[in-house]
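Please keep the sequence and the structure in view while reading.

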Amino acid sequence: MASSMLSSTWVSPSPSASLSAEESLKGGSLKLRTSTLSFTKEKINPFTNGKSCGRVSMAVAVNASRFEGVPMAPPDPILGVSEAFKADTNGLKLNLGVGAYRTEELQPYVLDVVKKAENLMLERGNNKEYLPIEGLAAFNKVTAELLFGADNPVIKQQRVATVQGLSGTGSLRLAAALIERYFPGAKVLISSPTWGNHKNIFNDARVPWSEYRYYDPKTVGLDFEGMIADIKAAPEGSFVLLHGCAHNPTGIDPTPEQWEKIADVIQQENLIPFFDVAYQGFASGSLDADASSVRLFAARGLELVVAQSYSKNLGLYAERIGAINVVSSSADAAARVKSQLKRLARPMYSNPPIHGARIVANVVGDPALFNEWKAEMELMAGRIKNVRQKLYDSLSSKDKSGKDWSFVLKQIGMFSFTGLNKAQSENMTNKWHVYMTKDGRISLAGLSLAKCEYLADAIIDSYHNVN
Ligand code: PLA
């Protein structure tokens with residue numbers, strides 16, 4: 001915090017002090033010369049914490065920052081949990097906040113295929129020149145193929161505009177900027193609930209959004225009727241944000257039949273599907289099966305937008321690698337869309353980072369490494385399924401109240417949406433040192449078999465003993 005000493009020859013300015021006041025920053029302190037300032041005794045003075053003091057004869061220490069009007073932001077509801085976890089010194093602590101995969105020993109995991117790809121990159125002596133604005137060509141090619149399938153007509157007909165993005169978040173943000181610029185006033189429909197950052201992304205991009213019903217707390221399942229009714233009621237030309245698989249935070253996905261009906265409504269109502277695919281491979285363990293929702297929409301000839309992330313499925317969290325894909329009805333439209341995505345990216349971050357793009361291009365582009373990745377993916381997804389089962393078993397055997405915990409098994413992906421409310425979630429953290437988001441979501445990717453019983457005790461206590 002910058003502070004300033006105002007000596008007898010200096011007075012503090014009133015808010016009406018003109019910006020031409022001579023100001024000098026000396027040794028970290030801000031000084032303002034009296035002669036150029038209009039000084040009003042009654043006015044609140046921002047440089048003296050509201051205390052107007054007239055011509056001062058004594059040195060007064062005050063805060064003097066140009067950023068006085070910048071309020072403290074609250075911690076991020078998800079990433080802030082990791083910060084709180086780090087500060088806790090209790091040995092029992094457990095971080096089930098952020099969706100980051102851990103080993104059974106609760107250690108971060110770098111995939112073997114990633115290490116192999118990185119070794120290849122070192123051997124080749126790849127340089128660090130700037131990438132083009134749209135990213136690494138080899139990455140853009142394989143990422144679209146991984147999503148749609150290499151033989152998909154949308155790829156063959158060059159109807160996909162793919163631009164490498166700053167992982168899922170940056171790709172969503174780029175798409176939001178495209179919507180803001182070329183679909184002014186168009187609304188994005190998001191599920192209730194959804195990943196918290198979706199709202200931030202559209203707010204900051206100045207894209208209006210509203211929610212469609214998704215989660216039904218009574219059934220701890222999908223409110224399919226409500227979802228369809230809300231999508232139907234959306235203004236024509238709205239975008240409908242859908243989680244491609246492993247819905248975050250609920251872990252509840254539509255069935256294949258329900259996806260067909262969702263596509264029917266979107267098609268009938270002239271809406272634009274916008275997929276967020278952050279967990280391809282993590283729902284079922286299969287990359288192809290987890291892309292089936294997106295492929296179903298593409299097969300209907302619909303135009304659509306798809307954001308991809310390699311944070312979770314390749315464990316490349318900090319490499320910030322992902323992509324935005326816009327499927328248009330013609331190659332010509334796709335080329336124009338791509339040119340505008342580049343135009344939007346250039347002043348935002350100029351061009352994307354190369355390291356993660358090369359890893360993905362090497363892994364997905366090499367049949368041997370690709371197969372190894374699929375095997376590792378199955379291992380990761382399998383470990384999460386095992387802890388899911390063990391957590392359910394522990395809850396069921398320990399809780400004598402007769403409560404049905406089977407929803408834990410029905411949910412898929414990295415998370416379990418426990419149904420714990422804010423106070424109960426806070427009890428999990430304050431009493432049990434289990435760090436989780438306040439919406440009741442726990443990341444099973446951060447849980448070990450060894451910790452399932454402890455977690456079950458914490459959940460049962462919070463559920464039954466806290467309102
Ligand atoms: N979309 C969804 C649905 C997500 O859950 C996440 C990440 C992203 C996009 C973006 O991730 P990326 O930018 O790293 O590619 N959600 C995490 C992390 C795993 C986070 O909040 O940033 C989560 O814990 O919900």
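On a 1 Å grid over the protein atoms alone, a cavity is a set of points where a 1.4 Å probe fits but cannot get out, and its lining residues have an atom within 4 Å of a point. Grid points are joined across faces, edges and corners, and a volume is the space filled by probe spheres set on the points. The largest cavity holds about 40 Å³ of space. Its lining consists of Y212, Y214, M227, L242, H243, H247, P254 and W259. By class, this lining has six nonpolar residues, two polar ones and no charged ones; Ala, Val, Leu, Ile, Met, Phe, Trp, Tyr, Cys and Pro count as nonpolar, Asp, Glu, Lys and Arg as charged, and the others, Gly among them, as polar.

The model is predicted: local features need pLDDT of at least 70 and side-chain atom pairs count only at pLDDT 80 or more, whereas totals for chains, interfaces and linings use all residues. Residues are numbered from 1 along each chain as its sequence is written, and side-chain values use heavy atoms, with hydrogens and water left out.

The protein chain as a whole contains 16 helices and 17 strands, where helices (H or I, at least four residues) and strands (E, at least two) are DSSP runs numbered from the N terminus. Of its 467 residues, 52% count as buried; buried means under 20% relative accessible area, exposed over 50%, and partly exposed in between (1.4 Å probe, protein chains only). Among contacts in the protein chain with a separation of 6 or more, 73% come from residues 24 or more positions apart, a contact being heavy atoms within 4.5 Å.

The loop between strand 11 (239-243) and helix 8 (256-268) contains P249. A cis peptide bond with omega of about 15 degrees joins N248 to P249. A246 is found in the loop between strand 11 and helix 8 as well, and its phi is near 50 degrees, a positive value in a residue other than glycine. A246 is buried, with a relative accessible area of 3%. Another cis peptide bond, with omega of about 0 degrees, joins S192 and P193. P193 lies in the loop between strand 7 (188-192) and helix 6 (197-204). Most residues other than glycine have a negative phi, and most peptide bonds are trans.

Helix 2 (residues 112-124) packs against helix 12 (residues 355-365) at an angle of about 105 degrees, with the axes 9 Å apart. Axes are lines fitted to C-alpha atoms, for helices over the stretch in contact, and angles run from 0 to 180 degrees between N-to-C directions. Helix 2 and helix 12 are therefore roughly perpendicular to each other (65 to 115 degrees). Helix 2 contributes V113, V114, A117, E118, M121 and R124 to the contact, and helix 12 contributes H355, R358, I359, N362 and V363. This contact of helix 2 with helix 12 has six nonpolar, two polar and three charged residues.

Note on methods
Parallel < 35°, antiparallel > 145°, perpendicular 65-115°, else oblique. 1 Å grid on protein atoms, 1.4 Å probe; cavity = no way out; pocket = protein on both sides within 12 Å on 5 of 7 lines; lining within 4 Å.
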